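The paragraphs below go through parts of this structure in turn. Keep the sequence and the model in view while reading.

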Amino acid sequence: MSDSLERSTKINLLREQVVRRLCDVLDKSNEKGWRKLGEIVSNDRRFKVSPDDMEMCSLKVLDLEGSPSRMLLRLMGERGCSTGHLVDYLQTLGNSEALQCLKPAALQILIQPQSVALMSGHNLRLCCNAVGKSPVQYQWFKGKEEVPNSFSPDLVISPVQLKDSGFYICRVNCGEAFEFSQWAQVDVLNAAVSYGQSYQSLGGRLKLVIQPQAQRLHVGENLQLECGAVGRPIPRYQWHRNGVPIPNATKRRLIIPHVMQDQHGRYRCEISSSAERMWTNEVDVVIAPRISVQISEAMECSEDDVYAIGGGSNDFFLNSLPEQLYATDKVALLIGNLSYQNHPQLKAPMVDVYDLTNLLRQLNFQVVSLLDLTESEMRNAVDEFLLLLHKGVYGLLYYAGHGYENYGNSFMVPVDAPNPYRSANCLCVQSILKLMQEKETGLNVFLLDMCRKRNIHDDSTPNVVLRVTANIVFGYATCQDAEAFELSSSGFTNGVFVKFLKKRLLDDEKITVVLDRVAEDMGQFDPTKGKQALEIRSSLSERRALTDPILPGDSADLAHTLSRQWAKAHELPESMCLDFDCGAQIKLGFAAEFSNVLVIYTHIVKKPEDMSFCQAHVTDFSQELDVDPKEMNRETPEETGIYFLSSSLPQHCLYTRVSSLQKLREELVFTVCLQGTFPALDDDPVHWTKSINIGKPLIARLDLHRAVRRNSCLHTCLMPHSPSHSPCHSPGPERHLHLHHGSHQAQDYSRLSPQQHYLGAVGGGGDSFYENVSYSHYECDSAARLSGSSGRLSIPIEASDDINELQTVFINSLQMQQ
């Protein structure tokens, strides 16, 4: 077995990629599949595969993993079966395809570079070690640029400087085969502001070196707090105010632009690694009102000098700053449609909605973010949003997905729209805007990230007359009769509009100024220059900005009740600990990826000493929900489709992603199943179950599944069907193009796996990066190219913005977003 894996390796230590390929082969084969393998193993008394075991394996087609072969291999591994034994069994079975799965790859990365934080002036060393059938060559990159003279397994920078911070990756070549290592983030801290012991004396353990400093600010100034720790792996950060975690504050530097008085308090940061946790000092942040004093109409001084200049003499009087504009409340509805039933699938809306949600929450918007809504669900979501709009409220509605524009009216396409669709199947933007105008809001912002091509199948001409008001801002991602594009990549990428919008959204500028700058940025983007340009329409006369503070008005109690209900649409169920009769204790936790996507995870808190194996999983979900049994209870978040929260979820859990919560009609009830084995019972599995009711979580509280209300936007959004007949081909706005190096190529998304859609290698870079590298989207191993031998993408910590930018630099093509 010289060309196979090491014979002594236990099969429960095989790489997941190997196990997955092997199970696929054994599950699909009838005469030489898992049943025949089980018969062969049952004749070997060492591993005790009984008829009951085989029956348990056969039932797995209806269970979580859906793979009898995986269950059989798990049982064999728990009983000590090695790779050598498995090879012998497969040779007896005569399944050459299965044996081939155990052959080593031509190139395999054994040691991946690890992210690290260290002080400037010390030595940086990143290691990448690989083996192959022929000599191995290395080339290190920082971002997309080659690191000069970096051809060895170890990248050493001595001494390291602040400019060396960034993301590093190693390309390994062995003949014609190549692999990319995982990304490694290097965070270099400035020694001039260091605090405490040096990194070198710590042996790489986590050590706090920068403490935050107390701040005294005025309203409208920017709050900046900084802390820092060194160690390997790179530390994680979570800022707290008054003991409560601050959402999305997970970087070394906490920056809050244009602070308000209610953001004063005691701040500190929790710093953690895989094995350690520590806290910074707690510091006071004082935020005082900005008031000035004018003396004889010629001299101005700060409020701190008021009483020092005359003890309150009548010669002095308070002079307020120019009038501050306020919002009585801020609410936002973000809808991203990507999984269309009858039309091309999209990718960017999910990423765009996620990024905008995080940014708007930093601006104190109450945000509800929803994916993949049907027509009735979209109408009901808009209805709920309209109920929140009252005098002085700032309302923002963002839509990403398929769309079209006829006769000056824009239409948003739900995921269940037929092919071809007409206005009766879609939501009319101008009709919704008319209803928004009637609310006397302080600011209405409508951002449309969709195509505006003509729909040849829709001849309706709706007559929507908008009132003349001074609070409307339209942001179209593209011009009339043009397409909107999303960046074509197998990784996480934004659409072109949001790629530039997210860099400007927090600016303290009038919203039209912000959008003007986004338009300028888009105009300099070579891949879409001449193809997509932002169009802005506005009747805004005041300097209204998304950063304006909130000053609650005298709204009716009903308005406050509806606003609280909207906020609760993104509140999570409380985590809970479950005690089982056997003595095991399970933690059941929850996270929200979107307002209609819930993440459930289980973790073993306590296991009885006499229990050799213990695992808890969730099952028995309502059929209304979108839960794939084969993607439930996975050992990594990515395996179940959880990509954005993977770095913030606790480790060593089983994860399940529950989407389409808007379809939930009753309270969410599911079962937690505990499975354990005891040596005294010959390791036969024993099961315990508990039924859990978490009520209606997240958006399920708003009952968007109901029939469209009588007084909803239905009356103004629905248009009569066109009398024209529908041809068999798709309408014009549905054509789907893939732009690559200036040429148009068809793109077949049905051939892409979920990993290739969201976890694949980012392409692009300089000529040296492309050398001997093919970037076909259809190759089965594309997802592994940047993830190394593990088959998982390494998302650098504290890199949500940086890694998106890094991937954007790498992209070399575009695909149209209809």
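**Strands, a buried serine and charged pairs**

Strand 35 (residues 585–594) and strand 36 (residues 597–606) run antiparallel and are joined by nine bridges. Strands here are DSSP runs of E with at least two residues, and helices are runs of H or I with at least four residues, both numbered from the N terminus. One of the bridges links A591 to V599 in strand 36. The model is predicted, so local features need pLDDT of at least 70 and side-chain atom pairs count only at pLDDT 80 or more, while totals for chains, interfaces and linings use all residues. Residues are numbered from 1 along each chain as its sequence is written, and side-chain values use heavy atoms, with hydrogens and water left out.

Four strands form an open antiparallel sheet in the order 34-35-36-38, where pairing requires that DSSP finds at least two bridges between two strands. Strand 34 (576–579) and strand 38 (654–658) are the edge strands, each pairing on one side only. On average, neighbouring strands of this sheet are turned by 25° against each other, direction ignored. The angles are taken between N-to-C directions, from 0 to 180 degrees, with axes fitted as lines to C-alpha atoms, for helices over the stretch in contact.

S410 belongs to strand 28 (residues 409–412). S410 is buried, at a relative accessible area of 0%; buried means under 20%, exposed over 50% and partly exposed in between (1.4 Å probe, protein chains only). Leaving out residues up to four places away in sequence, S410 touches Y404, E405, L427, C428, V429, Q430, L448, M450 and Y476, contact meaning heavy atoms within 4.5 Å.

R125 lies in strand 3 (residues 124–127) and D154 in strand 7 (residues 154–157), so the pair ties together parts 29 residues apart in sequence. R125 is partly exposed at 43% relative accessibility, and D154 is partly exposed at 31%.

E639 and R634 form another salt bridge, with the closest N and O atoms 3.7 Å apart. E639 counts as partly exposed at 22% relative accessibility, whereas R634 counts as buried at 12%. Salt bridges with shared partners also join D187, E226, R252 and R253 into one network.

How values were computed: Salt bridge = Lys/Arg side-chain N within 4 Å of Asp/Glu carboxyl O.
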